[in-house]
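Here are some notes to read alongside the model.

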Amino acid sequence: MIYLDNAATTKPSRELLDVYRQIEEDVFANAHSNHLAGRNAAKYLTKARSALLNVLQVENSHRAIFLSSASEANNLAIKGFALKHQNRGKHIIISNVEHPSGYEAVFQLRDKFGFEVTILTINHKGFIRPEDVREALRKDTILVSIMAVNNEIGSLNPIKEIATIVHTFSRAMLHVDTTQAIGKIELPYQDIDLFCVSGHKINGLKGSGALLIRKNIELLPLISGGNQEFGLRSSTVSVALAYTLALAVKKAASELSTNATRLTSLLSFLRSHFSKQEQILINSPEKGSPYIFNISLVDKKASVVVEALSNQGIMVSSVSACHAKSEEVSQTVRALGRSEELSRNTIRVSFDHQTTIEDVDAFIKAFDDIVLRIRS
Amino acid sequence: MIYDRIMVRFGELSTKGRNKMAFIKLLATNISKKLSEDFSDFKIETRYDHIYVVVNNNDPHAMIEALQEVSGINSLTLVVKVAKDIETIKATALEMIKSQEAVTFKVRAKRSDKNFPIISDEINRQVAKEILINSNLKVDVKNPDLTVGIEVRDEGCYLFLETFKGAGGYPLGIAGKVLMMISGGIDSPVAAYLLMKRGVLIECVHFASPPYTSSAVVDKVVDLLKTLAHYQTNIRLHIVPFTKIQEAIHDSIDESYAITVMRRMMYRLSEKLANINKCLAIANGESIGQVASQTLRSIRVINEVTNLTVLRPLVTYDKNDIIKIAKQIKTYDISIRPFEDCCTIFHPQNPRTKPNFKSTIWLEEKLPFEEMIAEAIDNTKSVLIKAESDN
């Protein structure tokens, strides 16, 4: 199998699976228990927490809350912050290409809790202009939520500039969905008030995640209970998952620039191949994440191509599940100004650190052959 | 539990004259096959008008549940067989009603062994008297909570309380085998079920067009047949590679005739497979007028390619009635999974509802369809599908 859907999830590394198992076996006690085994588990948890903060260089400025996923982290950041601080103002700014766990959380605040939302539109290169953020800021803006790397096309938002604007011209906090960025691209994490980590996007384990939050920020917890994780996320924490998460981030971060260089060349190989084809439009901007490449098919159905590739053992992704009765449209690609038809027929190829030129080559060959063969 | 047997009463089978013994034998075989899936150590006794399943150490209620999926059974009764002796009969009847929550009862005895010295009416009285003396139950002959059934036969006396409904119909296999065209939609599994209930064994054919259709559609068909296999232990599924034919139709047939020609190809392939696999007819889930290819005019033009009988159990059914049965036989939730068996690429905007012969044949002449059909048959894959246990 050639797996090129790493933006959806990656294969967990053998090493981390072993670590997970080892910790579950040896340090299975509840980290909140008042006995030796519990305190031992707590030590591992502390180790994991400081390792995570350390590798992201926010050990002095932030806290890490272990939780289950980036979706949960985004929900806690957005709803937890907005509900806690709604007396300061009820205005939130987001972009029009956020991940559903971001915009659905914001829409829930709008529809059920009376918040006002400004939705900024990405430009044709796929990113939010900092001046648009500045213009949208109001006195009652309490939160700006903009993703770092778009999960569909890999476009990058100017987070550094946006952070400066938000912090200079308002009292709002900046939340950044960094799911596709952690361990993959450089970001000024100290400048971001709330951001998230997902283990399974960087060859870690599904179910491992964290929200990183500036130390003085208070949130309303979404899960009440035993007050674990600073009272912000009750439920018995999985020490083993937390530990693998820290290791996964550490490993990805240490290889960040080597991987980026190598994958950038794979990406430009893909780009130069597809830019010659008339029936294909490239949606990913030139200066984007080296991990994500997105195209639109002019006269073929993306779902059919994805199915054909899958039948040949090559896994890539399309917006619509194959042959679903109702075909979805990629909102991100639509936001680039593409037609509805083109936004429906998108294919995303996404790498992980192990993707090779042979994988990409096999994909290209199979793709070209399929597109030639299948009917429009 | 004092019951030791399940009495199996035949459905419409009772009306069949000369071949009755063959029918009973087939039903006994089907019962044995069905029960062998989950039980061992049971015995089947066939009589001229009943079959008895000797329960031994099995759970009789679980057995009855399994037998309710066997076609050709009208009703199922838990019975206990005792010696033909009035004292034993009285004692057993008393034992039977002991654990029952009821206020009223009646006794209904039947004496087919005329050598038994006590007539039915007298058996009724004696047993009723015994129950009246030894319990708080009262007699109600019109609308009793409990009916104590007693049948005195040559080989012994049977007592029973409860009767359960069977699936009805004929024993599976009595009517031979047909090739069922199955798509993954709601209709064809229901059609298959109705045929099985009528004693018809089925094999299935599915036309797959990868990559235009997802492999998830084949998974869906397999899951449907696993559900249907509760009624027929094993179902053979033939998966015909249909992509090349679909593409050829798409490339050279006028769009408005694409569906007509596609269905004709499916019928041709089904006929070939039916003959190879000794199926006596083709069957499908067509219902008059439901879609363009199912108008009478369309069906006439499509059906013209085969001499084999085409059975359409749902021909007059409304969609709502079909859905009702689909829910009852638990295929509905599988059928509505969001995977289509035909890609929208091959869905014409305006298919003909009144295709004519001449145009169809003229259009088909452009296709080397004999070769394409032979190739598809050569590459057809067959799998045997067994019921999946619920637990």
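**Notes on side-chain contacts**

1. The side chain of A:Ser343 comes to 3.4 Å from the backbone nitrogen of A:Arg334, and it also reaches the backbone oxygen of A:Ser339 at 2.6 Å. Polar contacts here are pairs of N or O atoms within 3.5 Å; within protein, one must be able to donate a hydrogen and the other to accept it, and residues adjacent in sequence count only if both atoms are side-chain atoms. A:Ser343 belongs to helix 11 (residues 340-344) of chain A and is buried, its relative accessible area being 0%. Buried means under 20% relative accessible area, exposed over 50%, partly exposed in between (1.4 Å probe, protein chains only). Helices (H or I, at least four residues) and strands (E, at least two) are DSSP runs, numbered from the N terminus.

2. A word on the source: this is a predicted model, where local features need pLDDT of at least 70 and side-chain atom pairs count only at pLDDT 80 or more, while totals for chains, interfaces and linings use all residues. Residues are numbered from 1 along each chain as its sequence is written, chains are lettered from A and ligands numbered from 1 in the order in which they are written, and side-chain values use heavy atoms, with hydrogens and water left out.

3. A:Arg375 pairs with B:Glu247, with 3.5 Å between the closest N and O atoms. A:Arg375 is in the segment after helix 12 (357-373) of chain A and B:Glu247 in helix 7 (residues 243-252) of chain B, so this bridge joins two chains. Both A:Arg375 and B:Glu247 are buried.

4. Within chain B, look at B:Glu364 and B:Arg264, whose closest N and O atoms are 2.7 Å apart in a salt bridge. This pair links helix 12 (residues 357-364) to helix 8 (residues 258-276) of chain B, 100 residues apart. B:Glu364 and B:Arg264 are both buried.

5. Two rings have a charge over them, meaning that NZ of Lys or CZ of Arg is within 6 Å of the ring centre and within 35 degrees of the ring normal. A:Arg134 lies over the face of A:Phe169, 3.5 Å from the ring centre. For A:Lys90, the charged end sits over the ring of A:Phe115, at 5.2 Å from its centre.

Technical notes:
A salt bridge is a side-chain nitrogen of Lys or Arg within 4 Å of a carboxyl oxygen of Asp or Glu.
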